[in-house]
Amino acid sequence: MSNILTSSIGKKILMSLAGLFLIIFLLVHLGINLSLIFTGSRETFNKAAHFMGTNVIIKVMEVVLFGGFLLHMFYGVLLQLQNWLARPKRYRIENYSQTSFFSKFMIHTAVIIGIFLVMHLFDFYLKAKFFGDVPLVIYDGKEYHDLGILVVEKFKLGGYAVFYIICLLIMSFHLLHGFQSAFQSLGLEHKTYTPLIKAIGIIYSVLVTAGFILIPVYVYFWM
Amino acid sequence: MDFTLKIWRQQNAAAKGRFETHKVAGISPDCSFLEMLDILNQQLIDKFEKPVCFDHDCREGICGACSLYINGRPHGPDSAVTACQLHMRKFKDGDTIVVEPWRARPFPVIKDLVVDRSGFDKIMAAGGYISVNTGGVPDANTIPVPRAHAETAMDAAACIGCGACVAACKNASAMLFVAAKVSQFAMLPQGKVETRERVLKMVAKMDELGFGNCTNTGACEAECPKQISISHIARLNREYLSAKIL
């Protein structure tokens, strides 16, 4: 009998659940990031970052989040390896079948996002958490890490900003297929709602990416 | 019409295999693809060469035997037809046509363009049937079946098991085939009784045979000669999930 952790469908279900969780996380991340350019100062951003770093519930969610990332990556790689093995001899002429374009490049976009994620963690998260070489700032008599200035400094470097934007565009390619695909994997398919889910997926991918891209552009040109 | 054919030749499953180039001339545009191969084979036989082996049976698009991967697409450039229903008018005069067998680990090449698709039979044997006693033929309409369910079951049952879904899928996944077979039973009262065991057994067999995992690219749906929708794959996922957790 089929085991949910090892069967093809079971793996896809776990992967899509982790993916949907990461999709929600991105929204939270974007919300905090946007406060950096929409509130006129770094105070909200730094306070939010402090909250994310200290709140007990968030700390638990942090573990869940890393678990989600690892699960998504582990199953993604495993599924891809099995899929390559399922066709040991390739066609001379292939990829002429009509498919959703971005679905063909999920593993490729995933690898780039993975590399970006590691660099991103080193640039901000690990610096704030462990290395401590982040300037301090005082709001209402309380000390906070000034992570905002770290972001601004990074994005003032044109090369870094361009690299960041390219990585985000690649992430949007991943999301364009991933969002609707997660629902299909979970069996959530419906005559009326599936076109709606697909539309929301496109809107989400475009808006979230545009939101993230807005920050380096704003910082570079107007801050 | 004249064509240059690049055809996969392979002595047996263990042999290496290679492409061979042949020319055919004076082909009628109304000739089917298989008839064109027949003409080529007659040429080869006349020259005392070995004819190209390819699978075929009914030649009217309902048996699913003709498994040819033509110019990068299962069953060739026409849509919603099998290779036997593909006509040479779909090509341009002077075209080079590349013909390959289905390529998937669970579909080993037997010879030339013929592959062993008994993997599909093994999946069916694992659960693609009804074992409960359904009695004799009932009077019409004594078993209430909503029309929409009957239509969906019929759409799924249109699957001829040709393997184009596996051939088209970049992952060589058999999900569309299994989904169609699970759906045709899951939508009807006689089949519903054993849905749980059926879906678990058929998916387990599919995985065991080494088919790839579905990544929802939709290539199978695009190439299926019977236009079976990937909404059946969503139903398979749903049936699997409910069989596992309920």
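Two strands are counted as paired if DSSP finds at least two bridges between them. All views show a predicted model.

**View 1. The open sheet of chain B.** In chain B, 5 strands form an open sheet with mixed pairing, and their order is β2-β1-β5-β3-β4. The edges are taken by β2 (18-24) and β4 (73-74) of chain B; each has a single partner strand, so one side of each is left without a neighbour in the sheet. Strands of a sheet pair through backbone hydrogen bonds, either parallel or antiparallel.

**View 2. Pairing of β1 and β2 in chain B.** Strand β1 (residues 3-9) of chain B runs antiparallel to β2(B), and 7 bridges join the two. One of the residue pairs is B:Leu5 with B:His22, the latter being the bridge partner in β2(B).

**View 3. The hairpin of chain A.** Strands β1 (residues 136-139) and β2 (residues 142-145) of chain A pair in the antiparallel sense over 4 bridges. Opposite A:Val137 stands A:Tyr144 of β2(A). Between the strands of this hairpin there are 2 residues, and A:Asp140 takes a positive phi near 50°.

**View 4. Packing of α6 and α7 in chain A.** Two packed helices are described by the angle between their axes and the distance between the axes. For α6(A) and helix α7 (residues 193-222) of chain A, the angle is about 170° and the axes lie 8 Å apart. Angles over 145 degrees count as roughly antiparallel, and α6(A) and α7(A) are therefore roughly antiparallel to each other. The contact of α6(A) with α7(A) has 18 nonpolar, 6 polar and 1 charged residues.

**View 5. The contact between chain A and chain B.** Chain A contributes 37 residues to this contact and chain B contributes 38 residues. On the side of chain A that touches chain B, at least two residues come from each of α1 (8-38), α3 (56-85) and α6 (158-185) of chain A. Helix α1(A) gives the most to that side, with 5 residues. Sorted by class, the side of chain A that touches chain B has 13 nonpolar, 15 polar and 9 charged residues.

**View 6. The two domains of chain B.** Chain B is divided into domain 1 (3-110) and domain 2 (118-245). The centres of domain 1 and domain 2 of chain B, taken over C-alpha atoms, are separated by 29 Å. Their contact takes 18 residues from domain 1 of chain B and 16 residues from domain 2 of chain B. The side of domain 1 of chain B that touches domain 2 of chain B has, by class, 10 nonpolar, 5 polar and 3 charged residues.

Key: Residues are numbered from 1 along each chain as its sequence is written. Chains are lettered from A and ligands numbered from 1 in the order in which they are written. This is a predicted model: local features need pLDDT of at least 70, side-chain atom pairs count only at pLDDT 80 or more; totals for chains, interfaces and linings use all residues. Two residues are in contact if their C-beta atoms, placed from the backbone, lie within 7 Å. Ala, Val, Leu, Ile, Met, Phe, Trp, Tyr, Cys and Pro count as nonpolar, Asp, Glu, Lys and Arg as charged, and the others, Gly among them, as polar. Domain bounds come from an automatic or database domain assignment. Axes are lines fitted to C-alpha atoms, for helices over the stretch in contact, and angles run from 0 to 180 degrees between N-to-C directions. Angles under 35 degrees count as roughly parallel, over 145 as roughly antiparallel, 65 to 115 as roughly perpendicular and the rest as oblique.
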